[in-house]
Amino acid sequence: MEAVIRKEFILDGLCCPNCAKKIERRVGALPGVNTASVDFAGQRLTLEIAGQEEEVGVMRRTGSIVQDMAPAIVMREKKAEEPGVKSIWLLGLGCADCAAKMERAISNIDGVKSVTVDVMTQKMTLTAAHKSELPALLRQASQIVVGIEPGIEVSYTERPSAAKDKEKWDLLLKRTGLGVGVLLFAVGFAFNFIWQAELAIFLAAYLLIGGEVVIRAVKNISKGQIFDENFLMSIATTGAFAIGEFPEGVAVMLFYQIGEAFQQYAVGRSRKSITALMDIRPDFANLQVGGEISRVSPEEINIGEYIVVKPGEKIPLDGVVTEGRSALDTSALTGEALPLDVEPGSEVLSGSVNKSGLLTIKVGKLFGESTVSKILDLVQNASGAKAPVENFITKFARYYTPAVVFAAVAMAFIPPIVLGGGSADWLNRALVFLVVSCPCALVISIPLSFFGGIGGASRNGILVKGSNYLDALRDVDTVVFDKTGTLTKGVFAVTEIVPASVFSHDALLELAAYAECGSNHPIAASIQKAYGNAVLRERLTEYEEIAGHGVRARVDGTIVLAGNGKLMDSAGISFKKPDIIGTVVYLAVDGEFAGHIVIADEVKPDSKKAIAELKALGVRRTAMLTGDSRAAGEKIGRELGLDMVCSELLPQHKVDWLEKLFETKTSKGALLFVGDGINDAPVLARADVGVAMGGVGSDAAIEAADVVLMTDEPSKIADAIRISKQTRMIVTQNIVFALAVKGIILTLGAMGIATMWEAVFGDVGVALIAVLNAMRAIGKK
């Protein structure tokens with residue numbers, strides 16, 4: 001069986017939501033295409049091709065479809081570059097001889113397997129013999145390029161557009177034509193002219209204002225694309241001219257163009273706002289070589305090299321602090337407002353902002369494998385997985401427009417024949433139908449709402465892998481938690497110190513710390529941490545570890561035993577077993593029982609709040625799966641207010657219990673599982689929505705789940721559900737508002753009350769309001 005091929009394309013210039021849906025539908029119907037998804041908000045087309053044999057044909061036909069639908073779109077493939085291969089842009093390169101010199105000089109660098117410099121696309125592609133050498137080779141190649149042509153700007157992210165200057169001129173011509181058209185319209189409206197002069201003035205104004213709309217309509221009709229806004233607006237306005245309503249025809253086209261301009265501006269601003277919200281990409285890195293610091297691209301830095309991060313700069317790559325102390329703003333990664341203090345030895349993540357001190361960092365990962373790259377890739381691709389309501393609107397739009405157009409045709413011809421009377425009046429009513437028949441408000445605003453919701457969630461440290469998962473969160477009925485690392489910290493800690501009558505708390509803890517100082521067991525480490533002071537080794541003269549029992553040590557000349565009940569029994573020391581949850585370390589001094597210390601996995605301070613918030617949001621059942629004893633599990637369940645605890649489970653049994661919980665949830669409700677994302681892959685996959693905790697720095701967590709919480713706070717689940725509910729509320733508002741306004745205008749239009757002025761508002765006005773409302777999905781921090 002051939003492997004499925006996944007291709008991703010950038011659709012520069014995609015501004016028509018209907019075109020996006022048509023491209024998706026037509027490309028998806030091509031032979032050899034398994035799935036096709038167009039993300040209008042992100043301007044991306046994602047394809048799954050059945051096999052290699054179909055690849056070339058599918059890509060050729062896809063390019064043709066995109067050009068047919070919207071010739072202004074520049075379609076380019078977003079290639080997943082092979083290890084050791086990198087393409088960079090040489091902005092300003094226009095000299096073929098210089099390009100040849102660059103190729104020759106760069107190809108002579110040791111470690112360069114091949115290099116091509118393309119003057120037409122202003123792109124250089126370099127292949128390194130070894131992947132690990134690529135950053136250094138790119139650095140040398142960049143220096144050669146600038147040395148040969150000092151005016152060139154080397155860019156790792158920006159693709160030069162040969163059409164930029166042309167676009168500026170086109171925009172200038174369009175605005176000039178629109179301005180002259182408006183002036184002619186004002187003259188024709190303000191003064192009385194003879195019929196022929198009035199027609200000439202308004203026709204000239206019409207062509208200047210809306211000529212491009214008519215041309216697009218004619219081109220689309222020649223390609224079999226009838227039901228789009230260009231065709232509908234052209235028919236409506238030429239119909240107005242046909243019945244002698246020249247000012248109305250020009251005015252409708254003028255307000256349509258103004259509305260379209262505002263709509264495109266709003267969509268563009270929305271995209272920029274959401275993209276900026278998620279843009280944690282560092283622009284540069286300060287590379288330290290010897291005593292010199294040079295500013296380079298993060299892609300040029302290799303593992304093991306040192307970078308310097310000044311106050312106010314973003315950390316460009318993951319690594320470890322070697323010099324300096326500072327506070328980091330990690331809010332872009334985690335949503336956490338409190339700064340994170342770092343010092344030599346602290347691990348730091350790319351995307352964090354250095355707030356105060358100067359830091360020197362040893363790089364631990366290449367840029368393409370760093371935290372910031374993984375998060376950006378995840379969020380940027382999230383819009384590809386569509387929510388059910390998006391798919392519904394896509395299908396609805398396919399039938400809504402033709403239905404209204406046919407209704408308009410019927411209204412124009414049937415009533416005059418059946419009822420008699422003036423055909424001009426019924427034609428005018430039909431024209432109202434045509435203007436209001438485009439479903440742009442829904443097709444634009446709904447994907448934009450989900451895109452904004454995903455962006456808002458990412459700002460709060462919640463990564464959602466698709467609109468479908470964001471939408472599913474609002475219907476969560478049952479939340480199932482793993483215990484260790486999710487509701488508890490997953491580390492041992494001293495929770496209780498119970499001394500015998502002759503010892504104090506501090507004295508007992510000190511004896512335990514000295515007795516356990518030679519052990520590397522997690523229990524011993526937790527006692528050392530609780531003690532918090534340095535252990536003076538000269539006070540310890542004997543030390544013996546007794547396997548399966550504990551330790552025996554001589555501290556300040558006294559014999560100290562520290563271990564489990566078996567150690568006490570073997571030494572003949574009488575003691576009483578406490579009725580508590582956790583691991584108990586018993587202590588005896590010179591043969592006398594001294595007390596006990598309880599060590600347990602601590603519950604996160606956030607966990608109880610998380611359970612309470614989930615119940616307040618309408619979650620019907622909360623459950624916990626754990627491998628701990630029933631007593632330990634039930635104690636935590638009672639403490640947190642969980643509805644159900646399943647204890648003493650082996651990892652393979654968790655899926656079985658999840659299946660049982662599926663049977664108890666409501667038919668429309670979703671089951672959400674929360675784990676650490678590392679050992680819970682089967683359960684995360686089986687749940688309706690799988691949530692991984694503590695995703696910062698964890699590749700496994702990011703890969704395993706549908707939703708990734710970038711911190712260890714369970715209460716973020718409630719935040720995710722709130723964002724989901726808010727996003728869906730905005731989507732519902734847009735659907736109800738758009739359909740209600742269009743329905744009212746259609747009704748009033750059929751009755752002869754609504755004019756084309758109201759119809760224009762029902763089209764572009766409603767779309768603009770819906771887009772502005774969709775921006776609220778970004779939400780407040």
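Strands, at least two residues of E, and helices, at least four residues of H or I, are DSSP runs numbered from the N terminus; two strands pair if DSSP finds at least two bridges between them.

Strand 23 (residues 558-563) pairs with strand 24 in the antiparallel sense over four bridges. Within that pair, valine 560 stands opposite valine 589 of strand 24.

A word on the source: this is a predicted model, where local features need pLDDT of at least 70 and side-chain atom pairs count only at pLDDT 80 or more, while totals for chains, interfaces and linings use all residues. Residues are numbered from 1 along each chain as its sequence is written, and side-chain values use heavy atoms, with hydrogens and water left out.

## Helix 17 and its buried face

In helix 17 (residues 522-531), Ile523, Ala524, Ser526, Ile527 and Tyr531 are buried (under 20% relative accessible area; exposed is over 50%, partly exposed in between; 1.4 Å probe, protein chains only). Seen down the helix axis, the buried residues of helix 17 fall within an arc of 160°, so they line one face of the helix; the arc is that of the directions from the helix axis to the C-beta atoms.

What covers these buried residues includes strand 20 (488-499), helix 16 (505-515), strand 24 (583-589) and strand 25 (592-603), with contact meaning heavy atoms within 4.5 Å. After helix 17 comes glycine 532, whose phi is positive, near 75°.

## Two cores

A nonpolar core is a set of buried Ala, Val, Leu, Ile, Met, Phe, Trp, Tyr and Cys residues joined through side-chain atoms within 4.5 Å. The largest one has 112 residues, and Leu47, Phe481 and Leu672 touch the most other members. Helix 24 (residues 716-750) gives the most to this core, with eleven residues. A second, separate core of 25 residues includes Tyr514, Ile523, Ile527 and Leu587.

## Cysteines

How many disulfides are there? The count comes to zero, taking a disulfide as a pair of cysteine sulfur atoms within 2.5 Å. Cysteine 517 is buried, with a relative accessible area of 11%, and cysteine 646 is buried at 3%.
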